[in-house]
Amino acid sequence: MASPKVLQWRDLLEKYASQYGVHLSLVLGVMDIESGGNPSARSKAGAMGLMQVMPSNFAKGDNGMDPETNIRRGVQMLADRYKRYGSWDSAAASYFGAVDSKGQPTTARDVNGVSGIDYVRQFKLATSQYKGSADMGDGERIPSAEEGFWDADVRGPDTGAGGGGVDSS
């Protein structure tokens, strides 16, 4: 079910999703996994804010705990990773920090025991929770797996563990 704590950030998420050409549902899904909509969230690995961005990914002088700055940088990073790898599976795994040199999700695990493959699974599940919520009259529709939106069907049971931060590549 879509989280009201995540949906409260819809306006900012929509602004940057539109600016960087990322489906809103994808951004909502990342925030759901990473912070659950908590702007004060910090991971054991040092990731911070709503999108759990590592401090090294901010420009000098940026306040990474500022919700708008954190969202802007997180969405920009997700878009950059999609442009680099050409798939949302790889973009999500790279955002998490667990891809190989070809952009394939790996079995590397974070401090919580979540692998890149697990994260992609969580990403798909979280994103699917926001398909209806993200539409809300703006006409956005996320294509289904059958239409080729996802690279492979790695959906499965949610492990219940959150992401462990964002790599700086």
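The model is predicted, so I took local features only at pLDDT of at least 70 and side-chain atom pairs at 80 or more, while totals for chains, interfaces and linings use all residues. Residues are numbered from 1 along each chain, and side-chain values use heavy atoms, without hydrogens and water.

Next I listed the buried residues of α2 (residues 10-20): R10, L13, Y16, A17 and Y20. They lie on the same side of α2 because they cover an arc of only 140° around the axis, taken from the directions from the helix axis to the C-beta atoms. After α2 comes G21, with a positive phi near 70°.

I then checked the packing partner. Helix α4 (residues 67-85) packs with α2 at an angle of about 35°, the axes 9 Å apart; axes are lines fitted to C-alpha atoms over the stretch in contact, and angles run from 0 to 180 degrees between N-to-C directions. For contact (heavy atoms within 4.5 Å), I found L12, L13, K15, Y16, A17 and Y20 of α2 meeting E68, I71, R72, V75, Q76 and A79 of α4. By class, the residues of this contact are 8 nonpolar, 1 polar and 3 charged.

Last, I looked up the whole protein. It has 7 helices and 0 strands, assigned as DSSP runs (helices H or I, at least four residues; strands E, at least two). Buried residues make up 49% of its 169 residues.

Note on methods. Buried means under 20% relative accessible area, exposed over 50%, partly exposed in between (1.4 Å probe, protein chains only). Ala, Val, Leu, Ile, Met, Phe, Trp, Tyr, Cys and Pro count as nonpolar, Asp, Glu, Lys and Arg as charged, and the others, Gly among them, as polar.
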